[in-house]
Amino acid sequence: MFKPILGNSLVTDDPSSEVAVLLKELVFLTPGIVTRGTRIWTGALSSGEAIVIKYSWSNTNRAFEGDLYQLASEKRVIGVATILNCSTFENVLTHLHAGGSPAADSNFRDPHAYQIHMQRQNRVLSRLVISPTGKPLRDETLSPLQVAEGLLAGLIGHASLFFQGGILHRDISPNNMIIIDDSLPQLTLDSSPVPTTSDPFAWIWPRDTPLRGCLIDLDYAIDASAQPSGALDRTGTYPFIAIQVLRGRERHRYRHDLESFLYVLLWVCCYPVVAGSANILSPFDSIWPALDPLSKWHDGDEFSVASHKIAHVIDDSMLFGLLLERFRPGFERFKRVAREIRMTLWRLPGLNRCGLSDEGKPSEGRGDEYEEQGGGGREWLLPEEVRLGVSNKDAFQEVKKSMQWLVATLKD
């Protein structure tokens, strides 16, 4: 519905219903040399409502982000940004590399191999117009209450997207949850209300209770029932990727995104580092460095990051507790929630300690054995479980309860 015109504005494709959009500020530019080239602008409609305009080169082997936003809207998902328009332009294979040949690249002497490579790596330039606007959880100006409200909104949006929309996000990070900016006029979309009594997903969150934030960025999202896309780039933002995804041992599941929520909470509570007694040097500084507590997670390779998380987050509650002592002033109440989410993710049945469990493989007959034993003695996870014997839905409810407690106590 929108197309570029001269100047910092856009109009709809329908000449009879032109809508000018002012591009105000470039707020995000993907760092690096080989990237999707994502650029995000804040903007406003001619009527004054704030919006976001996102340009990126999307992998054609993935579901298009605009289509997933549209599906979420059709499924009446809550807590997720709303798409106002999506457009696509040229793609690498048919436009930029039209007429290309293996001779142009010394790595490809075989025309067939060249064609396969180009198809796997093909990208299309897309533009999304999205509402609302806000501050990401990484914003240093957010108060502890705003961070808690943003985490809760992201959790609700993620659950609604998955359970209601059938979409798995796969890139939970502080950049992809925002606190809505109440200082700007936000777009209000007409929508017929669904009575709570007839809403089968009211258990996720009551529609008549507003959320202060929302989940954004469906670049890596997939249909939860779909097979892997075949795209070669990693799904997720490195420090927040779940252990088994880092290790390449499991297909991305709901539990892996829930694990990423814990890492996001730890991150926003530790950064920016504030000098103080909690950050003095200690014998454990090599594990959680005072000046950069989670440096191991953004500097190490996949194996070392996964091993660090297993040893110091899952296996040793004392070492995990030392990380919580790195939290910034004002974030003390987040410690209880961090401990509770850790137990939700990895608590072993009947024990007060945590351990990492692998997902079982149906080809090994494990599903049948589970039915015969009623789950007793089973040491592997089912695809729809977060921890042994605890479903995705039940684990979500546990984390939601913890987050609601946190928001309520911070408001007191």
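Author: A salt bridge here is a side-chain nitrogen of Lys or Arg within 4 Å of a carboxyl oxygen of Asp or Glu. The model is predicted, so local features need pLDDT of at least 70 and side-chain atom pairs count only at pLDDT 80 or more, while totals for chains, interfaces and linings use all residues. Residues are numbered from 1 along each chain as its sequence is written, and side-chain values use heavy atoms, with hydrogens and water left out.

The structure holds 14 salt bridges. Take Asp-199 and Arg-207. Their closest N and O atoms are 3.2 Å apart. Asp-199 counts as buried because its relative accessibility is 11%. Arg-207 is at 27%, so it counts as partly exposed.

Next come Glu-250 and Arg-255. Their salt bridge has its closest N and O atoms 3.3 Å apart. Glu-250 has a relative accessible area of 11%, so it is buried. Arg-255 is buried too, at 5% relative accessibility.

Asp-285 pairs with Arg-326. Here the closest N and O atoms are 3.0 Å apart. Helices are DSSP runs (H or I, at least four residues) and strands are E runs of at least two, numbered from the N terminus. Asp-285 is buried because its relative accessible area is 17%. Arg-326 is buried as well, at 6%. Elsewhere, salt bridges that share partners join Lys-54, Glu-65, Asp-217 and Asp-219 into one network.

H9 covers residues 317-324 and H10 covers residues 334-346. Their axes come within 10 Å and cross at roughly 145°. Axes are lines fitted to C-alpha atoms, for helices over the stretch in contact, and angles run from 0 to 180 degrees between N-to-C directions.

Which residues of H9 and H10 meet? On the H9 side they are Ser-317, Phe-320 and Leu-324. On the H10 side they are Lys-335, Ala-338, Arg-339 and Arg-342. Contact means heavy atoms within 4.5 Å.

Technical notes: Buried < 20%, exposed > 50% of the residue type's maximum accessible area, 1.4 Å probe, protein only.
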